[in-house]
Amino acid sequence: MKSDIEIAQEVKMAPIKEVAASYGIEEDELELYGKYKAKLSDELWNQVKDKPDGKLVLVTAINPTPAGEGKTTITVGLGQALAKLNRKAIIALREPSLGPCFGIKGGAAGGGYSQVVPMEDLNLHFTGDFHAITSANNLLAALLDNHIQQGNELGIDTRQILWKRCVDMNDRVLRNVVVGLGAKADGVVREDHFVITVASEIMAILCLANDMKDLKERLGRIIVAYNYAGEPVTASQLHAVGAMAALLKDALKPNLIQTLEHTGAIVHGGPFANIAHGCNSVRATKTALKLADVVVTEAGFGADLGAEKFLDIKCRKAGLKPDAIVLVATVRALKYNGGVPKDQLKEENLEALKKGIVNLEKHIENMQKYKVPVVVTLNSFVSDTEAEHEFVKNFCESRGCEFALAEVWEKGGEGGRELAQKVLKTLEEKESRYVPLYPDEMSLKDKIGTIAREIYGANGVVYSPAASRALKKIEDMGFADLPVCMAKTQYSLSDDQTKLGRPENFEINVRDAYVCAGAGFVVVLTGAIMTMPGLPKKPAADNIDVDDNGVITGLF
């Protein structure tokens, strides 16, 4: 069996100019990064902005497990399948973070015969967007500390500095550090912290900004600290906006690459879904909608995280309306949720499937609350049995969902024909009446409680004293009308990753909250979620290498 990277390296890619031309994009509207990558220029947006939008299809999944669900693989395979059915389709994805690539999760290019390429470039440096975001983030941190060193005209309280440095790597020793050690000229000694780049507010801002003007306004609103009077200090007050925007000038433009079957893929931005809002950029999605009849996009992790944030944050802020939702599951993952150990998932076990399918059931119910039609797809594995497939199919159809088996990992677009046909049928026959879960005017605690009860199935929410104080201060500062971005484990509907299936009789524990005034949401920290992951005992980096001819191996 060939590995994902071997399959990707064997394909003959089309020049990106040819891929772009199939969507009516002229060469002058591209900014080329070699033969197979390009950024979409501002001129292109001006050319297409008045065209009617295509249909928007969101791909999400059940809670991820070690068994794997293949959400990106389904997204890519569905886009390829729609093209085989002579639909003008395009894919809109997030960019991968280096942390998971070298950690345990791997890259984010799809898998098997449903991948986006060049796979190695995408998973590593790509077009430098993440480096630009890291640089802008750390420039702001440097300007903040320099302001304090040079007399602290703004009266910044060094005990109340909020802005953290970042690096796009899983590096646990940077979670809590001390800076400014040494001589007087080396800065003021204080505790500092790092987050992974995909958790930086600048990543969220880039993904939610409509244009350079909007980007600069959002950057200016970033709250970096509080002064001694308890008032917020912003990036604008530090005169940081212009320089940060200069670093982000090119990163703001969406990237165009292709699938193994030459379907276009706009890949841009990459906020984590268990920490940030988990969706690709608004610019990428809006551009895609002008270029194609059907846009297939995805939101990170399970529907309780990425999809909820796509629907309650991105769509609300950007004025987007999804026309259908594809919910991805696997027989193996459902059996895992039913209590089967990882080493026994290949054996038929209908009893475990019946126990574990409650996780899928909850996600179906959740997505239907947004009044968007739902299609369920099973990402097929050779170990699945016909009886297992039939059970899941009957279960889904009894709950008003279209159902399709997907074999896109093994067969590419051809293996997604059934799914593509069900999606097209849904788009033609069912109307989306999308509505967010809660109104803007609801209090922050009521918004949190609504998500906890309606999406997670919790009995209620328990707030630490620090969280209650933080939420009150955020409301007192005038940010009560913002949506909330829940930072929660991806492995469970609850905030305890060991609770599989559909947990009952539990409460969500909120330990802190902070406002991302530039991005335009309030981050709520639950359980033990961390904004700087660590590497596992045996990281994926152990297996990555490059030979004498420059061929990379071990990426997945």
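Patches are made of residues with over 30% relative accessible area and no salt bridge; like charges are joined within 9 Å, and nonpolar side chains (Val, Leu, Ile, Met, Phe, Trp, Tyr) within 5 Å. Accessible areas come from the Shrake-Rupley method with a 1.4 Å probe, and for residues only the protein chains shown count as cover. A salt bridge is a side-chain nitrogen of Lys or Arg within 4 Å of a carboxyl oxygen of Asp or Glu.

This is a predicted model, in which local features need pLDDT of at least 70 and side-chain atom pairs count only at pLDDT 80 or more, while totals for chains, interfaces and linings use all residues. Residues are numbered from 1 along each chain as its sequence is written, and side-chain values use heavy atoms, with hydrogens and water left out.

**A surface patch**

Val178, Leu181 and Val189 make up a nonpolar patch on the surface. Together they have about 290 Å² of accessible area. Val178 belongs to strand 9 (residues 177–179). Strands (E, at least two residues) and helices (H or I, at least four) are DSSP runs, numbered from the N terminus. Val178 counts as partly exposed because its relative accessibility is 49%. The classes are buried (under 20% relative accessible area), exposed (over 50%) and partly exposed in between, with a 1.4 Å probe and protein chains only.

Two strands pair if DSSP finds at least two bridges between them. Strand 21 (residues 484–487) and strand 23 (residues 521–526) run parallel, joined by 4 bridges. Ala487 has Leu525 as its bridge partner in strand 23. Strand 21 is covered on both faces. Val484 and Met486 are buried on one side, Cys485 and Ala487 on the other.

Strand 22 (residues 507–516) runs parallel to strand 20 (residues 460–463), with 4 bridges between them. Here Gly460 stands opposite Glu507. Strand 22 also pairs with strand 23, antiparallel, through 6 bridges. Val510 faces Thr526 in that pairing. The hairpin of strands 22 and 23 has 4 residues between the strands, and Gly520 in this hairpin takes a positive phi near 95°.

**Salt bridges**

The count comes to 33 salt bridges. Three of them are listed here.

| Pair | N to O distance |
|---|---|
| Lys39 and Asp129 | 2.9 Å |
| Arg159 and Asp157 | 2.9 Å |
| Glu365 and Arg502 | 2.7 Å |

The side chains of Lys39 and Asp129 meet in a salt bridge. Lys39 lies in strand 2 (residues 38–40) and Asp129 in helix 7 (residues 129–149), so this pair ties together parts 90 residues apart in sequence. Both Lys39 and Asp129 are buried.

Arg159 and Asp157 also meet in a salt bridge. Arg159 counts as exposed, at 70% relative accessibility. Asp157 counts as buried, at 3%.

Glu365 forms a salt bridge with Arg502. Glu365 sits in helix 14 (residues 350–368) and Arg502 in the loop between strand 21 and strand 22, so the pair ties together parts 137 residues apart in sequence. Glu365 is partly exposed, with a relative accessible area of 30%. Arg502 is partly exposed too, at 28% relative accessibility. Elsewhere, salt bridges that share partners join Glu31, Lys249, Asp250 and Lys253 into one network.

**Around Lys253**

Lys253 lies in the loop between helix 10 (241–248) and strand 14 (255–259). Lys253 counts as buried because its relative accessibility is 10%. The side chains of Lys253 and Glu31 are joined by a polar contact of 2.9 Å. A polar contact is a pair of N or O atoms within 3.5 Å; within protein, one must be able to donate a hydrogen and the other to accept it, and residues adjacent in sequence count only if both atoms are side-chain atoms. Leaving out residues up to four places away in sequence, Lys253 touches Glu31, Lys39, Leu40, Asp42, His268 and Arg283. Contact means heavy atoms within 4.5 Å.
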